[in-house]
Amino acid sequence: MRKTVCDYVDRQDAVYRQIALDIHAHPEVSNYEFYACERLSRQLEAEGFSVTVDVAGHRTGFIGTYKAAKPGPVLVFLAEYDALAGLGHGCGHNLFGATSLLAAAALRQVIDEAGGEVRVYGTPGEEGGENGSAKGSFVREGFLKDVDAALCVHPGDKNVATTTTLACAPVDIEFWGKPSHAAAAPEKGINALDALILTYNGINALRQHVTDDVRIHGIITHGGDAPNIVPEYAAAKFFFRAASAPTLDNVYRRIEKIVEGAAEMTGAKGRMQPYQNRVENTILTPSFDAVYGRELALLGHTMKTPEAKDSIGSSDVGNISQVVPTIQPTICITDAPTPWHTEESKAASRSEKGLASISLGAKALALTALDLIQDPGLLAAIKAEHAAAVAAQSA
């Protein structure tokens with residue numbers, strides 16, 4: 001079965017390289033990944049999967065399934081394919097989606113013999129934006145309830161095991177006041193911008209009294225229409241981040257109080273609410289990564305242990321990891337240290353090394369999944385380790 005998996009990846013390598021290049025040439029932001037969704041979902045159908053598009057409240061989301069008659073675990077390969085606004089595929093999601101599909105297609109070649117069910121979840125908008133961070137929707141809508149484990153690899157500048165990521169709450173903060181002539185009758189106005197600035201300064205004061213893992217950053221998106229009119233509306237967008245869900249919950253509640261206080265001080269009406277799915281922190285399951293690392297080594301490559309600098313930012317793979325064992329190691333697509341979301345990373349995502357990562361990642365993922373199917377004790381141990389890690393974050 002291992003040979004069947006690897007041989008299939010080799011035969012299909014050129015097909016999936018072309019898919020990755022096509023998606024790279026048609027960059028689309030969250031909720032608008034129409035080309036990528038069509039390209040990937042039609043390929044899944046050609047591979048013998050049953051496919052449903054427009055799922056979990058995301059019009060460019062999809063699910064592909066293939067279930068063997070022989071019982072076994074349900075394993076999901078996660079696919080991303082959104083691009084960055086103004087830059088394109090500077091995070092390598094054109095490779096990400098192609099790799100996950102090829103891994104699933106290769107596993108399908110042996111799933112009837114091995115047993116179980118293989119799925120691909122096409123999850124739009126990992127970068128955020130309109131109706132972004134779709135993995136949270138997949139969890140909320142129950143698509144992970146019968147899943148045993150989830151797998152994916154993310155392009156990077158080295159091979160590194162799954163890293164921790166920060167939970168992130170993207171919010172809109174808005175205030176509504178009362179307009180008036182700022183010189184002739186300022187006493188008749190209620191200044192929404194004042195309320196927002198008080199909130200901004202209150203958040204800055206809070207920074208002294210949070211743990212080191214907390215990150216808070218935002219912008220004012222509307223501050224009024226004219227200097228001689230008391231601003232009747234003001235708005236800002238913020239990200240609140242923390243290393244764990246309980247810490248983020250605490251920060252969120254404290255900033256809600258700041259918004260309420262600013263409204264009381266000015267007489268404006270205030271509101272803070274999410275503008276897209278909350279992103280959760282990633283729960284690590286080291287024994288699961290170890291399986292992937294062994295398979296990668298058998299394919300002639302080594303995987304490094306994450307360093308502190310590798311654990312920054314946020315990813316909605318964290319939402320999946322909160323409910324099932326999940327791995328998202330990085331796979332090297334460039335020989336030089338490369339910051340992501342840059343022109344350099346965009347070029348790496350269509351380079352020869354980037355395209356070669358598709359077959360390597362697909363083999364390592366598919367063989368890791370096959371290991372879980374063939375060794376129920378291993379899968380049970382991974383699930384137990386994951387459950388303990390989830391419980392520990394709230395202890």
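Between which strand and which helix is the place of Gln276 in a loop? Gln276 is located between β10 (269-274) and α7 (286-298); helices (H or I, at least four residues) and strands (E, at least two) are DSSP runs, numbered from the N terminus. The model is predicted: local features need pLDDT of at least 70 and side-chain atom pairs count only at pLDDT 80 or more, while totals for chains, interfaces and linings use all residues. Residues are numbered from 1 along each chain as its sequence is written, and side-chain values use heavy atoms, with hydrogens and water left out.

View 1. Gln276 counts as buried because its relative accessibility is 11% (buried means under 20% relative accessible area, exposed over 50%, partly exposed in between, with a 1.4 Å probe and protein chains only). A polar atom of the Gln276 side chain lies 3.1 Å from the backbone nitrogen of Gly129. Beyond its neighbours within four places in sequence, Gln276 is in contact (heavy atoms within 4.5 Å) with Gly128, Gly129, Gly132, Ser133 and Pro170.

**View 2. Glu80 in the loop between β3 (74-79) and α3 (93-114).** With 0% relative accessibility, Glu80 counts as buried. Its side chain makes a polar contact with that of Lys135 at 2.7 Å; such a contact is a pair of N or O atoms within 3.5 Å, where, within protein, one must be able to donate a hydrogen and the other to accept it, and residues adjacent in sequence count only if both atoms are side-chain atoms. Apart from neighbours within four places in sequence, the residues in contact with Glu80 include His93, Phe96, Glu126, His154 and Asp316.

**View 3. Packing of α3 against α10.** The two helices pack at an angle of about 35°, with their axes 8 Å apart (axes are lines fitted to C-alpha atoms, for helices over the stretch in contact, and angles run from 0 to 180 degrees between N-to-C directions). Among the residues making the contact are Leu102, Ala106 and Leu107 of α3 and Ala362, Ala366 and Leu370 of α10.

**View 4. Leu107 and the largest nonpolar core.** This core (buried Ala, Val, Leu, Ile, Met, Phe, Trp, Tyr and Cys residues joined through side-chain atoms within 4.5 Å) has 61 residues, of which Phe77 and Leu107 touch the most other members. Leaving aside neighbours within four places in sequence, Leu107 is in contact with Phe77, Val118, Ala366, Ala369, Leu370 and Ile373. A second, separate core of 27 residues includes Ala169, Ile203, Leu206 and Ile255.
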